[in-house]
Amino acid sequence: MEKIDLKDFRFTGSTLGEIADLRTMDAADKAEMLMSGIDVEERDRAGTYLQVDHGRVHCKSLQQGVEVLDIKEALARYDGLPEYYWTQVDKDKDEFTRSAAGDLHGGYFIRTEKGAKIAEPVQSCLFLKGDMVGQNVHNIIIVADDSELHIITGCSVAHGSKGAAHLGITEIFVGKNAKLTFTMIHNWAETTVVRPRTGGVVDEGGVFVNNYVLLKPVKDLQSYPAIRLNGRGAVARFNSVIVAPAGSHVDTGSRIELNAPDTKGEIISRTIASGGTIIARGFIGGNAVPAKGHLECKGLILGGGVIHAIPELLGSVDGVELSHEAAVGKIAQEEIEYLMARGLDEEEATSTIVRGFLNVDIMGLPKELQDVIESTISESQKDMF
Amino acid sequence: MLRIEDLHVKIGDREVLSGINLHIADNETFILFGPNGSGKTTLLMTLMGFGNYEITKGRILFRGHDITHAPIYERARLGIGMSFQRPPTIHGLKTRHMVRMCARDSEIDVDALARKVNMDEFLERDVNAGFSGGEIKRSELLQLMAQKPYLLLFDEPESGVDLENMKLIGHTVREVLTGGIEPKPNSSMKQQLVLKRPVSGLIITHTGYILEYLNADRGQVLFNGHLCCEANPRNILDHISQYGYQECVRCLN
Ligand SMILES: Nc1ncnc2c1ncn2[C@@H]1O[C@H](COP(=O)(O)OP(=O)(O)OP(=O)(O)O)[C@@H](O)[C@H]1O
Ligand SMILES: [Mg+2]
């Protein structure tokens, strides 16, 4: 991994102004956003936050019970959000958090009302359009007690970008008996460097499901969201699907702390190196009983590359139940031959097995998004064999 | 349908099949017997074209094509269908999707087929994931019904199957082999067979339970890589259960 010098990037001066109708954006940008799950028609969406480079271009809630604001506006309106802002991520963690703290460009503030079950997802896209742009964003998600929310957040970069840096802070609060499904689709370019910093907390009976999809090349990405289950019966599940073609360096993982009785944590990652490097981390800490954690980290190397799986378990009390399963390997010849005996040629068989391996199904995404992801997987298979 | 000529097969350095000659006619079901380790599974795997089985001599002709060196999928598309004894689990691939892929371009009613073999509850499960022995057999048959092969290769349909499921499997194998045509009083079986697509079978059995459900025409014993003792399958079975395979040694020498 190369050292990232933030001085190479422009952190000021690129703001577009309001785009009232997302359909008016140019076709290439729309295509990139579609790959990140953004529906420019805003049909079947409960709200949208879209930022291009250094500022918001579109922000609205389309459904009662969910508030969608520009973080800057939310900070002004709610006295700086002292209970939330910079409580889950340490401002002084590294140069990237300091950059985001020092010069905030935007980000979303999404909050549900107590008891509100928001059926349609809220969508967000943080888009990098200008060359050598550095983007600082800070997102806050609050899912109030007894409410439910699905956020689909895509990050994209304009086609042909010569380079860009995305530094994103996200702080997540899941209330009592609340449920948040947070689906993040990263759609970067060979030249993009990415440093998200995410932390969150789940209260009693709350559920946090995190889906992460990275299928496109990225120069250098490092992310390690950390979730603390602080209330009795809280649950967290991370599902990640990561493909690293040649030139990609991806260092990613998730961390769950089981800090209350009856909590459950699960981390499932499926990674494929097709020329690139993946460091697949995972950490589950069990600090209360009864508590259960399971980590499953499976990687395939198809057409070169490196996968370094680092599953970690830490139990600090009697009676905690933590387990992990890690594997790095290749597609079993036996499976390929089985499918070939059913009439699939070698390529069909391999791609069927790879699709099953990545198993995007378990994320339970909206159909059109699932289709987009499936077709991106088919495309990225060209690098694999 | 199938003609095997002087087939020699090696696994690693070891010759497992030594000069097999076998002809299976259209609409004929051939039963293969033989002691453990004699090479029966090897013969089936070689016919399907699996990688570990090296053909050092001889030819395999299937419906007029020389498939001796054809890739597995080509054999499958020409119409060879095999029921696996211990198929691998394919994670993330639903049985429903698998069955549909077996049918390739032809339209099938997956649910209706699945109901026939009591597999309707398994369609949304990953292929073979945690399936019991009997469930695997039914799942394999379901895939074969979708695939509609001309030649059905079945390795020990009885193993791991309870009596009730044996009946289901027996009837289903029969249906795959006859293409669903049963004898009718008003037209002769022979007439009907002329009209339907030909389907043949090559079935390995130790117990012979499957014979109760099929019109098995011929059988033979595979002993130590050689085929011998051609006869009616029931007679072979009776003979083996009385005298064991010792007789084969005599007959070969
Ligand atoms: N992959 C392999 N590597 C080495 N030897 C093998 C392999 N597969 C089969 N063999 C050997 O080849 C011989 C024939 O095996 P095969 O499975 O064909 O026997 P079979 O007649 O089907 O026996 P069974 O009735 O027990 O199923 C055996 O001695 C077996 O050990
Ligand atoms: Mg065998």
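In this predicted model, the shell around ligand 1 is made up of three nonpolar, seven polar and three charged residues. Altogether 13 residues surround the ligand, and the closest are Gly37(B), Lys40(B), Thr41(B), Thr42(B) and His206(B). Several of these residues place polar atoms beside oxygen atoms of the ligand. A polar side-chain atom of Thr42(B) lies 2.5 Å from one ligand oxygen. For Gly37(B), it is a polar backbone atom that is found 2.8 Å from an oxygen atom of ligand 1, while the side chain of His206(B) has an N or O atom 2.9 Å from an oxygen of the ligand. The protein covers 62% of the 640 Å² of accessible area that ligand 1 has on its own. Strand E2 (14-24) and helix H1 (40-48) of chain B are the elements giving two or more residues to the shell, and H1(B) supplies the largest share, three residues.

Elsewhere in chain B, helix H3 (residues 95-102) is mostly covered, with six of its eight residues buried. These are Thr95(B), Arg96(B), Met98(B), Val99(B), Met101(B) and Cys102(B). Their packing partners come from both chains: helices H4 (333-340) and H5 (346-358) in chain A, and strand E7 (90-94), helix H4 (110-116), strand E8 (126-127) and helix H5 (133-147) in chain B. Just after H3(B), Arg104(B) adopts a positive phi of about 50 degrees.

Turning to charged pairs, the structure holds 35 salt bridges over all chains. One of them joins Glu296(A) to Arg270(A), with the closest N and O atoms 2.7 Å apart. This pair links distant parts of the chain, since Glu296(A) sits in strand E18 (residues 291-301) and Arg270(A) in strand E16 (residues 263-274) of chain A, 26 residues apart. Glu296(A) counts as buried at 13% relative accessibility, and Arg270(A) counts as buried at 14%.

Lys176(A) and Asp203(A) form another salt bridge, with their closest N and O atoms 3.7 Å apart. Lys176(A) lies in the loop between strands E8 and E9 of chain A, and Asp203(A) in the loop between strands E10 and E11. Here Lys176(A) is partly exposed, at 35% relative accessible area, and Asp203(A) is partly exposed at 30%.

A further salt bridge, between Glu348(A) and Arg77(B), has its closest N and O atoms 3.2 Å apart. Glu348(A) belongs to helix H5 of chain A and Arg77(B) to helix H2 (residues 72-78) of chain B, so this pair joins two chains. Finally, Arg56(A), Asp70(A), Glu73(A) and Arg77(A) are linked in a network of salt bridges.

Terms used
Residues are numbered from 1 along each chain as its sequence is written. Chains are lettered from A and ligands numbered from 1 in the order in which they are written. This is a predicted model: local features need pLDDT of at least 70, side-chain atom pairs count only at pLDDT 80 or more; totals for chains, interfaces and linings use all residues. Side-chain values use heavy atoms; hydrogens and water are left out. Buried means under 20% relative accessible area, exposed over 50%, partly exposed in between (1.4 Å probe, protein chains only). Helices (H or I, at least four residues) and strands (E, at least two) are DSSP runs, numbered from the N terminus. Contact means heavy atoms within 4.5 Å. A residue is near a molecule or strand if one of its heavy atoms lies within 4 Å of it. A polar contact is a pair of N or O atoms within 3.5 Å; within protein, one must be able to donate a hydrogen and the other to accept it, and residues adjacent in sequence count only if both atoms are side-chain atoms. Accessible areas come from the Shrake-Rupley method with a 1.4 Å probe; for residues, only the protein chains shown count as cover. Ala, Val, Leu, Ile, Met, Phe, Trp, Tyr, Cys and Pro count as nonpolar, Asp, Glu, Lys and Arg as charged, and the others, Gly among them, as polar. A salt bridge is a side-chain nitrogen of Lys or Arg within 4 Å of a carboxyl oxygen of Asp or Glu.
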